[in-house]
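Visitor: I would like to go through this structure with you. Please show it first.

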Amino acid sequence: MNYLTLENVTKSYGEKVLFENISLHVDQGQKIAIVAKNGTGKSTLLRVIAGVEGSEGENSKILLRKDIRIGFLNQEPDFQDDHTIMEAVFDSDNVMIQCVKNYELALQQPEKEEALQSAMMQMDDLKAWDFEANIKEILSKLNINDLDQQVYTLSGGQKKRLALAKLLIEDPEFVILDEPTNHLDLEMIEWLEKYLQHSRLTIFMVTHDRYFLERVCDTIIELDGGVLYRYKGNYSEFLEKKFLREEVQGRTMDRDKKMFERELQWVRRQPKARGTKAKARVDGFLDLKDKTTQKIDRTKLQIEIKGNRLGSKILEAHYISKSFGELKIVEDFHYKFSKKERVGIVGPNGVGKTTFLKMLTKQIRPDSGKVVVGDTIVFGYYTQAGMELKEDKRVIDVVQDIAEYIPLEKGMKISAAQMLERFMFNRKHQQVYVSQLSGGERRRLYLLTVLMANPNFLILDEPTNDLDIITLNVLEDFLQDFPGCVIIVTHDRYFMDKLVDHLFIFEGNGKIRDYNGNYTDYREASKAKEEEERKQDRSKQKQEEKGKASVEVKPAETPRLTYMERKELGKLEKEIEKLELKKADIIEKFNDANLSPQEIEKLSIELGAVKDKIEEKELRWMELSELA
């Protein structure tokens, strides 16, 4: 079943054409992502599809299936400031959502028993209890707990999470997502990843999270030079097929260039307007000229910045502690940085990662302990709050205000304009005003201003937000060759895995653990530990249940069991143990928020059958034990 069809859709702003005459089909069940450089129109295309912006072109068509529910997650959510979170979440025409809203409101006024009874009856009638449980899980997983909080008090990241929660709660059939992982911590991203993997949703999204692309998507569309290229498969398959396409395109260009040279010689020899055949050949030549003069942009960032020299003393934290009232951020943290360290910082939102970085850079004083910064250290600090670019300045002026040149290895130097080119701002784009840049282009420019200061200790606080995959690749290449130290706070697991040697894990209550390995290593170790703890809990529970069952067993002075009964007793113990494990496994499955009512009913029947078997076998076991 087709959900979306685009035909000959065009969009431009003034002289800048983002895309022209593109066509696209999205069918039910597909999970599609679009990738492209910043500023090429990814978010604009989503807004056009969602109906927020119009399209251009005489034959332009946008056909959305009318009998489906559609949800759009914009980069800039729009809520009424005077609403509470609860009002914002439940602002919907959905009957189930209104039912749950009435129930929640009734719970806040328990003295009104009639209203509460009425709300509960409505919940029963609509069978909305599972829906209510799903709402609570979504809000909990996205760390939205205070439903009475006013929307105007929320940060931009909190509003984005609220918008995501609202969209998932409304349970649309077709979702359009613009950077859904921005402003989510790592645990939230992993939860959302699983939620979307196992959902029946049809998805069309923009994201730079490459693990997300790998694990959620079955189709990737590339917007390159205003043209859409469709690749079946996930991110790794996209890379393989894109490489093959560019290889083929490269060979085609070489062949066409040779033909272009021959045609050029022929055209130069011909007098103008010599008959119909000659005119047709000239027209063919002009088409070929346009084709062969197109540039394939494979821009790479290769910057061998010399960097300021690092002395023997770099950065030391001597048993630093910091608290805000009852909230402990850091407690007795001690560490000495070495040359060329690559450290990733992991922890949920609000645990104090940014405060920790500000202590290391002496923007905030610790309550106790001290931070010692080496004399040769020059910090480069990229932070979300630090991006204050003047709207009325040109791109080139922004960079030149930092430095006209920066030194390279072997006595060379690179100009601001050359540096911008290597950051994919061509000479024409350098004359553009900041006000005309996309969000991702501004991030790229801000990152360049940090690097132009020629630091030797980089601190990158969420550097990947709004950057496209091409920019992320070139930034990774740069950081792998960077001669100084790097601390990275990011929710981009792929970016972190590629760059860091070890992690500072914020475990809460001021505790910071140093883990030797990257993020995937840490998560696999954590999952293995959690599974081991679950096994121990199940084993302990089984022992306790067996202990309770054996309390009343009175051993006789001499065994009165036959050989076959003793054999049966031993067999029963093993069977009961297996059934207990099966019961625990079924109970664990109930924690899956994506279970359908049919699946819940099936599991309930299965669980009941297992419990009956356990009871039957335990009774027989007790009979034989008494005989023994």
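Visitor: What span should helix 14 have at 1.5 Å a residue?
Guide: Helices here are DSSP runs of H or I with at least four residues, strands are E runs of at least two, and both are numbered from the N terminus. Helix 14 covers residues 439-452, which is 14 residues. The expected span is 1.5 Å times one less than the number of residues.

Visitor: What are the ground rules for the model and its numbering?
Guide: This is a predicted model: local features need pLDDT of at least 70, side-chain atom pairs count only at pLDDT 80 or more, and totals for chains, interfaces and linings use all residues. Side-chain values use heavy atoms, leaving out hydrogens and water, and residues are numbered from 1 along each chain as its sequence is written.

Visitor: How many residues of helix 14 are buried?
Guide: Buried means under 20% relative accessible area, exposed over 50%, and partly exposed in between, with a 1.4 Å probe and protein chains only. Helix 14 is mostly covered. The buried count is 13 of its 14 residues.

Visitor: Which residue with a positive phi follows helix 14?
Guide: Most residues other than glycine have a negative phi. After helix 14 comes a phi near 55 degrees, and the residue is Asn454.

Visitor: Is Glu462 buried or exposed?
Guide: Glu462 is in the loop between strand 17 (457-461) and helix 15 (469-481). Its phi is positive, near 55 degrees. Relative accessibility is 15%, so Glu462 counts as buried.

Visitor: How many aromatic pairs are there?
Guide: Rings of Phe, Tyr and Trp (its six-membered ring) pair if their centres lie within 6.5 Å. Planes under 30 degrees apart count as stacked, over 60 as edge-to-face, and the rest as tilted. By this rule the count is 21.

Visitor: Why is the pair Tyr235 and Phe238 tilted?
Guide: Both residues lie in helix 9 (residues 235-269), 3 residues apart, about one turn of the helix. The ring centres are 5.9 Å apart and the planes stand at 35 degrees, so the pair of Tyr235 and Phe238 is tilted.

Visitor: What kind of aromatic pair do Phe333 and Tyr335 form?
Guide: Phe333 is buried at 7% relative accessibility, and Tyr335 is buried at 16%. Their rings are 6.4 Å centre to centre, with 25 degrees between the planes. The pair is stacked.
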